[in-house]
Amino acid sequence: MMDTSSKRKALSRPLRKPEHRSAKTVKSDTRLLDAEQFLLPTYKRQPVVMTHGRGAYVFDSTGKKYLDFLGGIAVNALGHAHPRIVKVIRREAARAIHVSNLFHNAYQGPLARKLAGWSGMDRVFFSNSGTEAIDGAMKLARLYGRKPDEVAGTTAKKHRFLALENSFHGRTFGAVSVTSTEKYRLPFAPVIPGAEFVRFNDVADLEAKFDDTICAILLETVQGEGGIYPVSEVFWNRARALATQHGALLIADEIQCGLGRTGRYFACQKFSSKPDIVLIAKPLAAGLPLGAILTTQEVASRVSPGMHGTTFGGGPLACAVALEFLKIVEDEKLLENIRARGDELREGLAKLAAQCNFIREIRGEGLMIGVELSVEGGPFVSEAMQRGLLINCTHDFTLLLLPPFIITRAQVREFLRLLELVLATTPQQASDLDSAKSADLKRVAHATAR
Ligand SMILES: Cc1ncc(COP(=O)(O)O)c(C=O)c1O
């Protein structure tokens, strides 16, 4: 038997030999050239080919090792190549990857039971992604809002959605309609009409905009892409009360903040009242595409066969892996690890903030942390990459830290050492009044809404 420290060391070693390519050959790498020529240009990708990962580290085709505090954008909660996940994937790939939803498979029911247990919800629908879960939930809200005497095909009185300013819910038409960031929504107008945005954590604005035409309010319990902003208890409770009063649904988008990331199974479990729907995806199947709508029996009772569906969602391979993921979170007591490592990270970041006048605020819960800067964050992301650290930046000024749930105390220390170097060596353009000014404007906009 390997002891824990040998296991961790083994996990940080590369799985196979690097391809030993120089930076120059990477530039002429045919895989990058193919991508540049043939892919739809939807992403500004870094010019590296990531080939594999072990635990909290990921490796590129030159063999360079990175400490992964991006986690595939909050997906790789168990890091890379977790032995139990690898074992289940091997086993199930040799059995059945897909059988269709016209039959049962061995894992969908048990996984739904487990998720119901974690969330306190009654019924589950499996999707392939977060955005698809959002669209499904919006359809459920429309069904729930439609009165029996309202003829199908007509616009029901209760058909509008409320969402929050600074929200991000995904890229399909339903999801972009309730995503406030204009660059994601406006090019595709007209989106679903009638969606309205409430100022973040602003109860008065919520009360002014909630009426009987609203079928649901959607909110990220902790806004992720928006820069790590938790919904306040007062706002949540008022949203709950107004939804109940107007016969609308409270939908918690926990696609990024759910399934343990904040140190609880679901971020909304810190509140005393429950939503009607919880949406999950990202880490659910440890990197395989799987999302889910979790809801109450009351909402589920409006659904009948044929109203909603999916070809791939809830297949045996993805569900077996998701079931294993949830068991690993329990068996390895990862919620405790998330809370402890999260506290260490915030403590270390606070010390760095005391040395860096351009760190303006540290926000977040568990292993979902935003570091807001008064200068542009992009150069820090590039410098971090040079130094073997993966982090992300959102809305230009906020560094996003989303390390895996299995992160160790030593890796937190390694991260803080690397970040200190990154912060010290990146040119800060602190005198760039324009960027400082626009950071201020954004802060003011958000602060007034809190
Ligand atoms: C809070 C939130 N909701 C929805 C989505 C969309 O999920 P997906 O990219 O799986 O469609 C994301 C993705 O980043 C998200 O962070």
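I began with Ser119, which sits in helix α6. The model is predicted, so I note the limits: local features need pLDDT of at least 70, side-chain atom pairs count only at pLDDT 80 or more, and totals for chains, interfaces and linings use all residues. Residues are numbered from 1 along each chain as its sequence is written, and side-chain values use heavy atoms, with hydrogens and water left out.

**Entry 1: helix α6**

I took helices (H or I, at least four residues) and strands (E, at least two) as DSSP runs, numbered from the N terminus. Helix α6 covers residues 108–119, twelve in number. I find 16 Å from its first C-alpha to its last, close to the 16 Å expected at 1.5 Å a residue. The expected span is 1.5 Å times one less than the number of residues.

For burial I use relative accessible area: buried is under 20%, exposed is over 50%, and partly exposed is in between (1.4 Å probe, protein chains only). Which residues of α6 are buried? I list Leu111, Ala112, Leu115, Ala116, Trp118 and Ser119. They lie on the same side of α6, because they cover an arc of only 160° around the axis. The arc is that of the directions from the helix axis to the C-beta atoms. On the face turned away from the buried side of α6 I find the exposed residues Arg113 and Gly117.

Back to Ser119: its relative accessible area is 11%, so I log Ser119 as buried. Its side chain reaches the backbone oxygen of Leu115 at 2.8 Å. I count a polar contact as a pair of N or O atoms within 3.5 Å; within protein, one must be able to donate a hydrogen and the other to accept it, and residues adjacent in sequence count only if both atoms are side-chain atoms.

**Entry 2: helix α16**

Helix α16 runs over residues 409–425, which makes 17 residues. I read 25 Å from the first C-alpha of α16 to the last, close to the 24 Å expected at 1.5 Å a residue. The buried residues of α16 are Gln411, Val412, Phe415, Leu416, Leu418, Leu419, Val422 and Leu423.

**Entry 3: the ligand**

I looked up the residues around the ligand and got Ser129, Gly130, Thr131, Phe168, His169, Gly170, Glu220, Asp253, Ile255, Gln256 and Lys282. A residue goes on this list if one of its heavy atoms lies within 4 Å of the molecule. I sort the shell into two nonpolar, six polar and three charged residues. The classes are: Ala, Val, Leu, Ile, Met, Phe, Trp, Tyr, Cys and Pro nonpolar; Asp, Glu, Lys and Arg charged; the others, Gly among them, polar.

Which backbone polar atom lies 2.8 Å from an oxygen atom of the ligand? That atom belongs to Gly130. A nitrogen atom of the ligand lies 3.5 Å from a backbone N or O atom of Phe168. In the side chain of Gln256, an N or O atom is 2.9 Å from an oxygen atom of the ligand. The ligand on its own has 380 Å² of accessible area, and the protein covers 81% of that. Areas come from the Shrake-Rupley method with a 1.4 Å probe; for residues, only the protein chains shown count as cover.

Most residues other than glycine have a negative phi, and most peptide bonds are trans. I checked the exceptions.

- The peptide bond from Ala189 to Pro190 is cis, with omega near 0°. I place Pro190 in the loop between α9 (182–185) and β6 (196–198).
- Leu259, not a glycine, has a positive phi of about 60°. It is in the loop between β10 (249–253) and β11 (277–280), and its relative accessibility is 0%, so I count Leu259 as buried.
- Asp396 has a positive phi near 65°. This residue lies in the loop between β16 and β17 (398–401), and Asp396 is partly exposed at 41% relative accessibility.

Thr394 belongs to strand β16 (residues 392–394). Thr394 is buried at 5% relative accessibility. A polar atom of its side chain lies 2.3 Å from the backbone oxygen of Glu225.

His395 is in the loop between β16 and β17, and I log it as partly exposed, with a relative accessible area of 25%. From His395 to Thr181 I read 9.8 Å, C-alpha to C-alpha, for residues 214 apart in sequence.

Val178 is in the loop between α8 (173–177) and α9. Is Val178 buried or exposed? Val178 is buried, with a relative accessible area of 1%. Its C-alpha is separated by 9.5 Å from that of Ile217, 39 residues apart along the chain.
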